[in-house]
Amino acid sequence: MVQLELMEIVKEHNPQMGDTQIRKLLNRASDDYCAKTELIKNTYIQTTTAGQRYYKIHDNIIKIVELHIDDVIIPRMVGKPVIDDDEIASTNSLATPTTTSNERYWHIDHDRIGLVEKSTRAITRDDKTSDYQSISEALEMRVYAISKASHLEETSGDTTASTAIYDFPSQFHENLAYRVIGMSYLLPHNFNPDASALFMNMYEKGIKDGRKFARNQYRTSGFISPQDF
């Protein structure tokens, strides 16, 4: 469903709500729906830099499923190396590695992806020794992730804004309107807790349907059984 249709559904229940308010609530509903259903799976590509350990996580990423370096799946590290590469404090940053290892790992550090290579006694600092160095080459990094849908936006003078849609299957779009309607019935001028509960329950059912679709996507029932003749 396009943006205009979703707004009209909401306004049938709360005509006093403005377009900007509805759009913001729809975008929040979309973030919540994508996080709970894992409907959207996207790939994000960037190039690593020799000696750089940390890379920003794209704002739309909810959960990283796999990470590939140079077309090879890289395992996730539990925890992080004992010696960090502090790229913020330039006086304390580690030197770019002079050797290369194909045994690579990734980990999460706050809102960043850390990339390291295994190299025996690669770094020593303050009587501590680490067998992990920052990545040593410029290579393609592909992040396969569960992500949020792109937000609907209002562009001044853009006549196509009303036809913008969320980039997940259209049969689930109306669920976003259910959540916004449910929340609108909690506003003082439109207060109706029974109606709010009804639409929030419809939204929760939509989450279950979306989660089931995401889980079963590209799968079919039945299987081929080998036979001897």
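These legends accompany several close-up views of one predicted model.

The model is predicted, so local features need pLDDT of at least 70 and side-chain atom pairs count only at pLDDT 80 or more, while totals for chains, interfaces and linings use all residues. Residues are numbered from 1 along each chain as its sequence is written, and side-chain values use heavy atoms, with hydrogens and water left out.

View 1. Helices (H or I, at least four residues) and strands (E, at least two) are DSSP runs, numbered from the N terminus. Starting at the N terminus, the elements follow the order α-α-β-β-β-β-β-β-β-β-α-α. Of the 229 residues, 40% count as buried; buried means under 20% relative accessible area, exposed over 50%, and partly exposed in between (1.4 Å probe, protein chains only). Contact means heavy atoms within 4.5 Å. Among contacts with a separation of 6 or more, 72% come from residues 24 or more positions apart.

**View 2. Helix H2 (residues 19-37) and its surroundings.** The 19 residues of H2 should span 27 Å at 1.5 Å a residue, and its end C-alpha atoms are 26 Å apart, which agrees. The expected span is 1.5 Å times one less than the number of residues. Buried residues of H2 include Ile22, Leu25, Leu26, Ala29, Tyr33 and Cys34. The packing partners of the buried residues of H2 are helix H1 (3-13), strand E3 (61-69), strand E8 (140-147), H3 and helix H4 (193-216). Just after H2 comes glutamate 38, with a positive phi of about 60°.

**View 3. H2 against helix H3 (residues 174-184).** These two helices pack at an angle of about 120°, and their axes are 9 Å apart. That makes H2 oblique to H3. Axes are lines fitted to C-alpha atoms, for helices over the stretch in contact, and angles run from 0 to 180 degrees between N-to-C directions. Angles under 35 degrees count as roughly parallel, over 145 as roughly antiparallel, 65 to 115 as roughly perpendicular and the rest as oblique. The crossing of H2 and H3 is right-handed. Look for Leu25, Leu26 and Arg28 among the contact residues of H2, and for Leu176, Val180 and Met183 among those of H3. By class, this contact of H2 with H3 has eight nonpolar, two polar and three charged residues. Ala, Val, Leu, Ile, Met, Phe, Trp, Tyr, Cys and Pro count as nonpolar, Asp, Glu, Lys and Arg as charged, and the others, Gly among them, as polar.

**View 4. H2 against H4.** Here the axes come within 8 Å and cross at roughly 50°. H2 and H4 are therefore oblique to each other. On the H2 side, the contact residues are Ala29, Asp32, Tyr33, Lys36 and Thr37, and H4 brings Tyr203, Gly206, Ile207, Gly210, Arg211 and Ala214. By class, the contact of H2 with H4 has five nonpolar, three polar and three charged residues.

View 5. Beyond its neighbours within four places in sequence, glutamate 103 touches Val116, Glu117 and Lys118. Most residues other than glycine have a negative phi.

Methods: A crossing is left-handed if the near helix is turned anticlockwise from the far one by less than a right angle, and right-handed if clockwise.
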